[in-house]
Amino acid sequence: HILNKYHTNKTFCDKVKTQSSIHILNKYHTNKTFRDKVKTQSNIHILNKYHTNKAFRDEYKERMKIQVSKKYKSNKSIRLKTVERTLNWYRNNNTHKCAVKYRNLYMCNLNRFRQIIREGPDYVCISCRLTLFRNQVMPFVEEKYIKQNMSNETKKHIQSYFDYSWSTEQKWICKLCSDKIKKRQMSSRTIVNKLKVSEVPFELKKLNNLEKHL
Ligand SMILES: [Zn+2]
């Protein structure tokens, strides 16, 4: 009889449904076992939906992303945890092992580059007094140019090519001067040759450092 009434009488049907809903709601709030069961079922239902429904999955992911982002921005401990997790991930991730593998090579080249650029044109030739880079000069050794068997006159002549007043610990000579003097010739650009740079014209004085090099 009730079953018939339920199917034929809409008001009765709605009433039963409402009462049923209230009953379930009450049960949910008072009965822990029932509550846990409902929660588990609900979780399973959501999990199923997540795996079968792409739209739901995408929406869920987007919602979680926003939630995580909010938490990250507002909570310092969560921020620190995230950073730590990310660092761990980088440490354990294989795709980064490659960079580690070639790290030595990279550091080696970087150090070499730093070594090379550390020095500028700091080497002064004892003969022409040009300031040059290390690879353009060699250590000055007098005996290479003034030999024992030379006449005193030649010795003096060659000595005159060198400017000994430059009293630095280590003396350097440029390759051009060295080659010439070894042949007992005067290097064209040596100081003794009295070559001088002419006065810089007015128009060129205004150039900046970069322009001067062009
Ligand atoms: Zn020189």
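Trainee: Which residue caps the N-terminal end of α5?
Mentor: This is a predicted model, where local features need pLDDT of at least 70, side-chain atom pairs count only at pLDDT 80 or more, and totals for chains, interfaces and linings use all residues. Residues are numbered from 1 along each chain as its sequence is written, and side-chain values use heavy atoms, leaving out hydrogens and water. At this end of α5 a side-chain oxygen lies 3.0 Å from the backbone nitrogen of Ser-77, and the capping residue is Asn-75.

Trainee: How far apart are the end C-alpha atoms of helix α5?
Mentor: Helix α5 (a DSSP run of H or I, at least four residues) covers residues 76–92.

Trainee: What is the geometry at the zinc ion?
Mentor: Cys-125, Cys-128, Cys-174 and Cys-177 coordinate the zinc ion through their SG atoms at 2.2 to 2.3 Å, donors being N, O and S atoms within 2.8 Å of the metal (3.2 Å for Na, K and Ca). The angles among the 4 donor atoms are 95 to 119 degrees, and four donors count as tetrahedral if all angles lie between 85 and 135 degrees. The site is therefore tetrahedral.

Trainee: How are the donor residues spaced in sequence?
Mentor: Cys-125 lies in the loop between β1 and β2, whereas Cys-177 is in helix α9, 52 residues apart. For the donor residues of the zinc ion, the spacing reads C-x2-C-x45-C-x2-C.

Terms used:
Tetrahedral: all angles 85-135°; square planar, octahedral: opposite > 155°, others 65-115°. Helix = DSSP H or I, 4+ residues; strand = E, 2+ residues; numbered from the N terminus. Expected span 1.5 Å × (residues − 1). Polar contact = N/O pair within 3.5 Å; in protein donor to acceptor, adjacent residues only side chain to side chain.
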